Amino acid sequence: MEGAAPPASSGSGATGAGSGPAASRRVDAGGGHSSMEERFADLCKSKLGLDESMTRQAMQLFKETESILLSSMSSFASGSPEEIERFWSAFVLYCVSRLGKAGRGKEDGGITLCQILRAFRLNIVDFFKEMPQFCIKVGCVLAGLYGSDWEKKLELKELQANVVHLSLLSRYYKRAYQELFLLNDAKPEENCSQPNAQQAYDYYRFGWLLFLVLRIQTFSRFKDLVTSTNGLVSVLAILIVHIPVRLRNFNIKDSSNFAKKSDKGVNLIASLCEKYHTSEDELSKALEKTNTLIMDILKKNPCPAASECQQDSLSFIDPEGVTFFKNLLDEDSLKSSLLILEKEYENAINTKGELDERMFANDEDSLLGSGSLSGGAINLPGTKRKYDVMASPAKSITSPNPMSPPRFCASPTGNGYYNSKMAPITPVSTAMTTAKWLRSTISPLPSRPSGELLRFFLACDKDVTDDITRRAGIILGAIFTNSSFGERMCTSVRNTNRNDAIWTEQRKMEALKLYYRVLESMCRAESQILSGNNLTSLLSNERFHRCMIACSAELVLATHKTVTMMFPAVLEKTGITAFDLSKVIESFVRHEDTLPRELKRHLNSLEERLLESMAWEKGSSMYNSLIVARPVLSAEINRLGLLAEPMPSLDAIAAHHNISLGGLPPLPFQKQERSPDKDEIRSPKRACTERRNVLVDSNSFRSPVKDTLKSKLLPPLQSAFASPTRPNPAAGGELCAETGIGVFLSKITKLAAIRIRGLCERLQLSQQILERVYSLVQQIISQQTALFFNRHIDQIILCSIYGVAKISQLALTFKEIIFGYRKQSQCKPQVFRSVYVHWASRSRNGKTGEEHVDIITFYNEVFIPTVKPLLVELGSDASPSKNEEKCAADAGPFPESPRLARFPNLPDMSPKKVSAAHNVYVSPLRSSKMDTLLSPSSKSYYACVGESTHAFQSPSKDLKVINNRLNSGKKVSGRLNFDVVSDLVVARSLSDQNGAPVAMADIATQTPVKCEQPDT
């Protein structure tokens, strides 16, 4: 055991509890296995009222997973037996409700997620944070009961994304409403609990309910964020022309929010489009649907002509495109309309629905919980920022009315909380701005290759035009199908299917146009490198085109924030792997100059995911190249069954998705799986059986830095997608697999450097320790590459930090490392809770086969036996003599050399954290940032050197003011909105370092074995 006591755990998932027998005894003390089953059965019948069929299914799953529960007590929630049992029971019931035959709605004896959460006193944030761990643990059981596609049918990620979107939309609506309308129809000094305040809130409630019913009636079950926002803005338009003028927070004649005007008055639709970055065409369509819904459901008849209605709310508004419903929001009509909308919505969610979305309008609903759901699972704009789901009411989960009013109180000025000249930057506003780029820049382009692109096609050895256009039609048809976007939850199926068909066709065309645009730019760049227009090797490469199409489609889907086709769905649809896609991301960004910053961030975050874990997963095409570049690893790759399957042919994709091939003959590349072309990636079977002679020993691996330098001299795309066994003449005769794997591992090394620095700074470790950790990880990448197979890069980094701490005799526990890692932006609990191991028959613990264990077990059983020689070298040879340094310089930096690589000089990140103990960041003030600091409330959060806090002050006094503020200990409320640059952006600007010997003190070389309990 370690001498240092571990720090106290924090968070709902933290526990110091053990597992196995100890955990089992704790549960037995509470009544034993039978008591757990009895409590679960009683709750199913008495509290949830499940029918016999569903209760039987739930009991079956609970019994089959009970042994896993008892052995996983330290992996969930706070570790208390009662809380873990509640979580587990909720997970079981949710799986049965989604996967079981009985879970088809309340009228069929089904149950919704909200009912489950209230029954077990859980909130939605904690549920989604812990559910992935449950799925990992019981995946084999679910597959046996419900089939291998259980994860797809569970739709957990889609539901979680829907929750995040609703949270964002509810806050977006609340902010917009408070900007436009007063939330208190009383005098400012009167209490906001007066009856008039309740009536004012009813208008707010009416708008949210109208929006929810609109989503159910006119959109598919899982809606994209942009379409939903258009619907929400259409609801705001309805409220503007119907809510009494006395509740307005603006003067229609003077307001800067309504700048678009005509001779007849304010052009409401155009003004809202300018303010919320929507399309006039899309907003008009959404408004038409909203008007139709009011007529059909609320039975309200519009005035024949808005200009003839003598209403104060219509004064100075151009009646063109505006529909007015008389008495829609009168006091009596408002109450009846609310009841009708409530009933309509309840009928819909009773038929098929997991969530009562009305709760998002109520800050006090304790189902919402607190915390962030966007960390890695869902790609929202600005993934490095944290967005809390909602306010955190720490109350019991009993909410009789999910739409009970939140506590709105007007400010003394009567303007609500919003008093800024500019709308704040939010995930929703960012999504709308990005969609505007797609609408204005990409949509006007032709849907056929341009004249210049056709010239490149014709310049190939054979005309590839038909092949390329046909392939694009099939692959995009497979991605953008109505079946790709979930089931329906609506009452007007025909209308919804028609809307979905229009939507998917629009997105398909956007992706096609973007594909042709970037492909043309890439061809132009390649032709300049090759000094010729014949790009046959590239333009006839099937894998390259599929990667390009997948990247284009992913950007379109990411722009609209579609939750049912979240990454990596496009990989499955196109038949490529994460490693394939990683080859084109950097080129795609470089060759599309107009790409919005948020989409660049999205691609950077994808590249991080690909590098950190996805490229190492089973079935990655990376292994098909690695087995050629490193034949010594072939035995381990084959033992684990890691090789990728051949890409499905276009015929197979077309048949699977029922796509018409248009009568064209089969393409030549469709036969390459049986007889691979020299330019295509070779068959896995051939790759794993053939050996070759290499210039260097098969146990060694060349420097990633050298490979990176060489790759700069090559046509990057042609070499990246060439056959792994094809010689690369421009790289000194090495194979393309060696070049590709060298570039890939250099990116891994750079990403590891950034992650190591961030975590070491948080743990306040010295530069000496940081360099030792970096050197160890670098040697693992080059000499023990198999340690990364089927694992996450952070798992190796965490173990390396602890191993270096042990040989450096540093008092640092694994629990402290995990505690620091939890605060990193890329942290996922599964990284340290569930590490893949494949026990060999000779393992010392007697286990065989695959298993997921906690990181401490992995460290002791796998990491240390593998890395011990490297740790010994790191400790004993940290301070080489001058003679040793001279010999090393003469011999060159072989991977077996014990000399430490100096940590690379990373460029300053912006914002840069300048204190390990405090959340203090420094960022240069760009001109683009000035507009966000216009309002006094926003400007008070920033301290800007060069733009004095007072007009007469010098920069030196600015620094003094900043220091005084930081040292005052006064806590500033509110979030600081930084535009954080992704790690991969920084990684690309890393300077190549040859490395110099670092003098270090002698370090003890004892074997560091970990004995403390796993942290969760």
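**View 1. Contacts around Cys273 in a predicted model.** Leaving aside residues up to four places away in sequence, Cys273 touches Thr278, Ser279, Glu280 and Leu283, where contact means heavy atoms within 4.5 Å. Cys273 lies in helix H11, residues 268-276, helices being DSSP runs of H or I with at least four residues, numbered from the N terminus. Cys273 has a relative accessible area of 6% and is therefore buried (under 20% relative accessible area, 1.4 Å probe, protein chains only). Val233, 40 residues apart from Cys273 in sequence, is 8.6 Å apart from it in space, C-alpha to C-alpha. The model is predicted, so that local features need pLDDT of at least 70 and side-chain atom pairs count only at pLDDT 80 or more, while totals for chains, interfaces and linings use all residues. Residues are numbered from 1 along each chain as its sequence is written, and side-chain values use heavy atoms, with hydrogens and water left out.

View 2. Not counting residues up to four places away in sequence, Met131 touches Phe91, Tyr94, Cys95, Leu154 and Leu156.

**View 3. Helices H29 and H30.** Residues of H29, among them Leu745, Ile748 and Cys760, meet residues of H30, including Leu770, Val773 and Ile781.

Conventions. Helices (H or I, at least four residues) and strands (E, at least two) are DSSP runs, numbered from the N terminus. Buried means under 20% relative accessible area, exposed over 50%, partly exposed in between (1.4 Å probe, protein chains only).
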